[in-house]
Amino acid sequence: MSQDLPAQAGGVKTEVLTVVGNDFGKFRENVGLEKVGKWEVSQSQSAKTLQEAANYLKTKDIPVAFPTETVYGLGADATRSLAVQGIYAAKGRPSDNPLIIHVADLDMLRAILQPATEKDVAIEGSHDQIPDIYKPLIERFWPGPLTILMPNPTPSQLAPQVTAGLQTYGVRMPASPLARSLIKLVGSPLAAPSANASTKPSPTTAAHVLEDLDGRIELILDGGSCPVGVESTVVDGLCDPPVVLRPGGVSIDELRECPGWEKVEKAYKDHSEAGKAAPRAPGMKYKHYSPKAQVVLYEATYPTLEKGIDQQDLEFKDNNNIVGVIRTRHWQPGGGLSCGDFNKQEGSIDQVGMELEVREADLLKSSDGALVGKLLDVSIGKDSRSIAHGLFSALRELDRRGADVIFVEGTLDDEDIGAAVMNRLRKAASRTRS
């Protein structure tokens, strides 16, 4: 890898480093909150492979992509301004969009909660600075897809670009042992938004990262597909009542089962909030998760949803139209559009425990059966978890195949992680049928 390129440089050589094995480390045995108190990196070859990336993150200003359980992250040392600026440069991310930091264990969280002037002062257990409101969530959901909003001390150890001018920052502990060991080897929290070009669908494989950031970053750690498929839930417990700022891998019903969170409220919108004040959490302000193709979302509440796509939504520009269809619970293959026979399934998209496949057929006019292009059809499952796993991959695959428009069958947003799925789809959609 190049050693001296500035973060703004283009045309760098991107290396994909495959990380094999699963013995990356373990938490030191403890109980209660302290069961995630201290992460110890193993001496296995799997963990040693991460040392190159860790050394790079300690000294260079171009971010490194790595897998988590949610999506691939684009990581940089959260305490170094030039390194964090490298994230914004690589993604083309607006500078007022705050970043989430990732910690390996509670030891690291407690250390970063200390003011910069006290970072070398021993932390007394009786003066735990983790707000009590978050402790039930940490004990139940960490490590995992939950980000909590914390007060930023003055002076802060974090680079100012992390918080985008806010007095708080989001932090989570990823469930991926690979990610935790990488962070531990760096010795500092990693600021890590999704490893995609800004506004594009989030990456759930190393191939997705390479598609967006080839030539923009130097290193991608390939640890396979991400099992959750949508980003973390973001919550703010510093206000009363506490609120959900972004839906994700932990549902609001699960949060309400925790002491102090029984009255948690929704504080996010399902469309971009551009032009408003600086967002309190990532994903709130700007159009996000969008492919190049136009996306038409059919809500689960749309009166004629089960009949499929309305013919009036089709706009044929010529005889070379490419129409994509993403199905969930009710639509038949092709979403009810007029088409020829589907060919054999091809172009599989590898997922965790499942395989999504795109099928192709001639697209026909319903009025006279004339050939007007190509229809691409993919089913991403019927349950919310499967839909979450496959959503971003399906959007990317249909985009890669040149779809002009993608019709998506929505799902219910009042269960499991359905709220997160629909939040992402509503932000991606150019048009919505509800």
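Predicted model: local features only at pLDDT ≥ 70, side-chain atom pairs only at ≥ 80, totals over all residues.
Where does N152 lie? You will find N152 in the loop that runs between strand β7, residues 146-151, and helix α5, residues 160-163. If we leave aside residues up to four places away in sequence, N152 touches L158, T163, Q167, T168 and Y169.

Now let us turn to a pair of helices. Helix α1, residues 45-59, packs with helix α6, residues 177-186, at an angle of about 50 degrees, and their axes are 8 Å apart. The two helices, α1 and α6, are therefore oblique to each other, and their crossing is right-handed. On the α1 side the residues that meet the partner helix are A47, L50, Q51, A53, A54, L57 and K58, and on the α6 side they are L178, S181, L182, L185 and V186. Sorted by kind, the residues of this contact between α1 and α6 comprise 9 nonpolar, 2 polar and 1 charged.

Finally, the whole protein, which has 10 helices and 20 strands. Of its 434 residues, 56% are buried, and the accessible surface comes to about 17,400 Å², with 47% of that belonging to carbon and sulfur atoms. Among contacts between residues at least 6 apart in sequence, 69% join residues at least 24 apart.

Note on methods:
Residues numbered from 1 in each chain as written. Heavy atoms only, no water. Helix = DSSP H or I, 4+ residues; strand = E, 2+ residues; numbered from the N terminus. Buried < 20%, exposed > 50% of the residue type's maximum accessible area, 1.4 Å probe, protein only. Contact = heavy atoms within 4.5 Å. Areas by Shrake-Rupley, 256 points an atom, 1.4 Å probe, with all protein chains shown as cover. Axes fitted to C-alpha atoms, helices over the stretch in contact; angles between N-to-C directions. Parallel < 35°, antiparallel > 145°, perpendicular 65-115°, else oblique. Left-handed = near helix turned anticlockwise from the far one by under 90°. Nonpolar A, V, L, I, M, F, W, Y, C, P; charged D, E, K, R; others polar.
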